[in-house]
Amino acid sequence: PVTIVSTGPQTNVAALLLAHPELKEKIARISLMGGGIATGNWTPAAEFNILVDPEAAQTVFQCGRPVIMAGLDVTLKALIFPEDFERIRSVGNQVAHVVAEWLEFFYIFHREIGYAGAPVHDPCAVASLLRPELFTRQAMHVAIETQGEYCRGCTVGDTSGKLGEDNAICCMNVDRQGFADLLAEAVKFYDGREVPV
């Protein structure tokens with residue numbers, strides 16, 4: 001069985017599930033960055049990755065395989081600050097330098113639009129697999145709104161059972177310091193390795 005990590009719209013994952021239903025049982029789980037139970041970012045109700053192809057997201061959440069959702073509820077709390085990207089930079093290898101530059105760019109951008117730090121969205125889908133203890137997670141049924149003038153792309157989280165059985169584990173909070181530590185530790189893997197950039 002394989003784990004799929006999907007950090008964009010769910011179009012390709014849904015296409016796989018629809019074109020090759022015989023492979024579904026070979027998928028252990030799908031960890032995705034997308035959605036938000038409490039909020040959206042491209043509309044008041046919808047996060048970008050789900051908004052651009054809600055039908056695909058609906059296919060993924062209804063596929064019957066375990067889904068781990070790292071949505072805006074957690075990713076907006078996975079903030080990186082200057083002390084974090086400077087610690088990453090101090091690792092000293094090529095990849096650490098590039099990652100620190102990216103994080104510094106994102107930090108400056110997000111500070112200019114009112115964030116306290118730089119939210120690091122996509123790595124949460126990986127970190128929730130590597131270090132699940134860093135995350136507060138909640139099982140619920142997640143339905144995707146595919147219609148509606150105002151709510152298309154909304155990920156509706158239901159813990160009451162009214163919409164059906166739980167089909168996702170949603171990351172709702174993160175140990176921010178532990179998350180930053182994990183990023184700093186990860187770049188050490190590239191000590192002594194050159195990576196074409």
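Predicted model: local features only at pLDDT ≥ 70, side-chain atom pairs only at ≥ 80, totals over all residues.
Residues are numbered from 1 along each chain as its sequence is written, and side-chain values use heavy atoms, with hydrogens and water left out.

**The whole chain**

Start zoomed out. The C-alpha trace spans about 50 × 40 × 30 Å along its principal axes. A compact globule of 197 residues would have a radius of gyration near 16 Å, and the chain's 18 Å agrees with that; the radius is taken over C-alpha atoms, and the globule rule is 2.2 Å times the number of residues to the power 0.38. Colour by burial and 44% of the 197 residues count as buried (buried is under 20% relative accessible area, exposed over 50%, partly exposed in between, with a 1.4 Å probe and protein chains only).

**Helix H6**

Now select 94-112, which is H6. Its 19 residues should span 27 Å at 1.5 Å a residue, and the end C-alpha atoms, 28 Å apart, agree; the expected span is 1.5 Å times one less than the number of residues. Show side chains for Val-95, Ala-96, Val-99, Ala-100, Leu-103, Tyr-107 and His-110, which are buried. Look down the axis: the buried residues fall within an arc of 125 degrees, so they line one face of H6 (the arc is that of the directions from the helix axis to the C-beta atoms). On the face turned away from that side you'll find the exposed residues Trp-102, Phe-105 and Glu-112. The cover over the buried residues of H6 includes E4, H5 and strand E5 (118-119). Just after H6, stop at Gly-114, whose phi is positive, about 100 degrees.

Step back to Asn-93, in the loop between H5 (82-89) and H6. Is Asn-93 buried or exposed? Asn-93 is buried, with a relative accessible area of 7%. This residue caps the N-terminal end of H6, with a side-chain oxygen 3.2 Å from the backbone nitrogen of Val-95. The Asn-93 side chain also reaches the backbone nitrogen of Ala-96, at 2.7 Å. These are polar contacts: pairs of N or O atoms within 3.5 Å where, within protein, one must be able to donate a hydrogen and the other to accept it, and residues adjacent in sequence count only if both atoms are side-chain atoms. Leaving out residues up to four places away in sequence, Asn-93 touches Val-187, Lys-188, Tyr-190 and Asp-191 (contact means heavy atoms within 4.5 Å).

**The cores**

Next, select Ile-80, Ile-88, Leu-103, Phe-135 and Phe-179, which touch the most other members of the 30-residue largest nonpolar core. Such a core is a set of buried Ala, Val, Leu, Ile, Met, Phe, Trp, Tyr and Cys residues joined through side-chain atoms within 4.5 Å. H6 gives this core its largest share, 6 residues. Zoom in on Leu-103: beyond its neighbours within four places in sequence, its contacts are Ile-80, Phe-85, Ile-88, Ala-118 and Val-120. A second, separate core has 21 residues, including Ile-4, Leu-32, Met-69 and Met-140.

**Helix H8**

Finish on H8, where the buried residues include Phe-179, Leu-182 and Leu-183. The buried residues of H8 pack against E4, H5, H7, E6 (135-144) and E8. At its start, a side-chain oxygen of Asp-175 comes to within 3.3 Å of the backbone nitrogen of Gln-177.

Conventions:
Helix = DSSP H or I, 4+ residues; strand = E, 2+ residues; numbered from the N terminus.
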